[in-house]
Amino acid sequence: MQQPVLVDPYAAQAATGTKPGTIRQWLRRGKLTHHGYDRDGRALIDLDELYVHLGVKAA
């Protein structure tokens, strides 16, 4: 099984173009899995899970 690629919402925006506020909403609504926080207090998400949610094939 592949290790998750955990990123904060700003790195996720750079990778997918999805706004950090949208990603935070999806986390609150349970559409994405929350994987803790980075040292700056930003939520961490699995980038591959975000690609699946967006219907995009990961590179």
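Predicted model: local features only at pLDDT ≥ 70, side-chain atom pairs only at ≥ 80, totals over all residues.

Visitor: With which residue does D40 form a salt bridge?

Guide: The partner of D40 is R42, and the closest N and O atoms of this salt bridge are 3.1 Å apart. R42 itself has 30% relative accessibility and is therefore classed as partly exposed.

Visitor: How many salt bridges does a search of the whole structure find?

Guide: The search finds 3 salt bridges, and D8, D38, D40 and R42 are linked by such bridges in a network. The side chains of R42 and D38 meet at 2.9 Å, N to O, and D38, with a relative accessible area of 19%, is buried. R42 also meets the side chain of D8 in a salt bridge, at 3.6 Å from N to O. Since R42 lies in the loop between α2 and β2 (45-46), while D8 lies in the loop between β1 (6-7) and α1 (9-16), this pair ties together parts that are 34 residues apart in sequence.

Visitor: Is D8 buried or exposed?

Guide: D8 counts as buried, at 14% relative accessibility. D8 also caps the N-terminal end of α1, where one of its side-chain oxygens lies 2.7 Å from the backbone nitrogen of Y10.

Visitor: Turning to the nonpolar side chains, which residues make up the largest nonpolar core?

Guide: The general idea is that in soluble globular proteins nonpolar side chains tend to be buried together. Here the largest nonpolar core has 11 residues in all, namely V7, A12, I23, W26, L27, L32, A43, I45, L47, L50 and Y51. Two helices, α2 (20-28) and α3 (47-54), each supply at least two residues of this core.

Visitor: If I take L27 as an example, which residues is L27 in contact with, leaving aside its neighbours within four places in sequence?

Guide: With those neighbours set aside, L27 is in contact with L32, T33, H34, A43 and I45. Among these, L32, A43 and I45 belong, together with L27, to the largest nonpolar core.

Definitions and conventions
Residues numbered from 1 in each chain as written. Heavy atoms only, no water. Core = buried A, V, L, I, M, F, W, Y, C linked by side-chain atoms within 4.5 Å. Buried < 20%, exposed > 50% of the residue type's maximum accessible area, 1.4 Å probe, protein only. Helix = DSSP H or I, 4+ residues; strand = E, 2+ residues; numbered from the N terminus. Contact = heavy atoms within 4.5 Å. Salt bridge = Lys/Arg side-chain N within 4 Å of Asp/Glu carboxyl O. Polar contact = N/O pair within 3.5 Å; in protein donor to acceptor, adjacent residues only side chain to side chain.
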